Amino acid sequence: MVAVLEKLPKPLAREEFLKEMVRRIDGKRHSDYPMVNLIRAGKATRQQIGYLGVLFYHFTKVTPQVLSTIHSRCDDRRIRRRIMDTLIDEDTELRCGSKGHDELALDFGTRFTGLSEDEVESFPVPQSIKDMVAYRFKVAREMPVTVALGNSGIASESHAPQMCRLISDGLREHYGVNDEDQESWIVHIDGDEDHSETAFKVVLDKVTTAEDQAKMLWCIDEYLFHWGNFWKECEKGRIILRK
Amino acid sequence: MKAVLRPWPVDFTGRPTVTVCINDRDERFAPCCGRHGGPEIVAALREAVACRGLNVDVQTIKCLGLCAKGPNLRIAPSGSLYNAMTVEDVPAVVDALDSDLKSAKA
């Protein structure tokens, strides 16, 4: 853990809290990292992109368990239902995507690298990604439910569509990747656009005490730190491609 | 048809892509484009693009993430979206593409 859990002397007013969350995200959006822009410009190596594909799978595959952990701790029926809908999106082909999102990520990982599903699954995941996954579970288990939801909704998903669009356009334009082979990115470009607004609204409505707001701000700093490590790790391109 | 039109990138000189969702799935949880004309839209688009001699790549996908609004179609690199598409809407989409391509060349 690198972020410091600050103490707020009193709860921040709604607008002030929103401004503070956005201030912490500014400059640390996914699309601020070189890796994303290298792909868009056609300057990333195939090793870097293949490595991204495999690491993104190892990030994505735990999302259903992270969500169900939060779901199991949630006392509010309406919020629980929303989590359930997201879980169906993520873990099945029934609402969003032609497969569970982990399977779509696995498809991209295998098709771009030429590795088999077993090889992607057993790929030696670097410590920084293991730490990121451990952080996600820690938040899901220990943070207030609305803060845990805001962790993914605000700190990560609120700026994911732009990243997915840049990656997808780069893959299509410079690396000859057909859209069918990169559904994992495309499904989030327009499908997730309203997630940001929803995530901010829920957090602004529900995270109102000084203690919970401090936790939310800590989560944003900490998750963005892990995301920074993720993108820097991808740049290393530590993978041997089969194609 | 509903359209969310986005500007064409000024420096783009490549081949645009039209991606049509053709996903066919159990509709108990969400509708799918494949059962509401997606494949027919692809066929009509390919035919119209060929007839007009446009340098456009028509691709398919199994989800654009907007299932409730389908049938959906997305244009790259502008990111323009067309929702609630029908085969009858195809000429209008091709007209718009043609116009965008001409503007890009100009």
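Predicted model: local features only at pLDDT ≥ 70, side-chain atom pairs only at ≥ 80, totals over all residues.
Two packed helices are described by the angle between their axes and the distance between the axes. In chain A, helix H3 (residues 46–60) and helix H13 (residues 210–235) have axes that come within 8 Å and cross at roughly 140 degrees. An angle over 145 degrees would count as roughly antiparallel; H3(A) and H13(A) are therefore oblique to each other. On the H3(A) side the contact involves A:Gln48, A:Tyr51, A:Leu52 and A:Leu55, which meet A:Phe230, A:Glu233, A:Cys234 and A:Glu235 of H13(A). By class, five of these residues are nonpolar, one is polar and two are charged.

Chain A also touches chain B, with 21 residues of chain A in contact with 21 residues of chain B. On the chain A side, helix H10 (160–174) and helix H11 (183–186) each supply at least two residues. The largest share, four residues, comes from H10(A). That side of chain A divides into five nonpolar, five polar and eleven charged residues.

In chain B, strand E4 (residues 73–76) pairs with two other strands. Strand E2 (residues 17–21) runs antiparallel to E4(B) and is joined to it by four bridges, with B:Val18 opposite B:Ile75. Strand E5 (residues 81–83) is also antiparallel to E4(B), over two bridges; here B:Tyr82 is the bridge partner of B:Leu73. E4(B) and E5(B) form a hairpin with four residues between them, and B:Gly79 in the turn has a positive phi of about 80 degrees.

In a regular strand the side chains alternate between the two faces of the sheet. In E4(B), B:Leu73 and B:Ile75 point one way, B:Arg74 and B:Ala76 point the other way, and all are buried.

Technical notes. Residues numbered from 1 in each chain as written. Chains lettered and ligands numbered in written order. Axes fitted to C-alpha atoms, helices over the stretch in contact; angles between N-to-C directions. Parallel < 35°, antiparallel > 145°, perpendicular 65-115°, else oblique. Contact = placed C-beta atoms within 7 Å. Nonpolar A, V, L, I, M, F, W, Y, C, P; charged D, E, K, R; others polar. Buried ≥ 20, exposed ≤ 12 C-beta atoms within 10 Å, placed from the backbone. Pairing = 2+ DSSP bridges.
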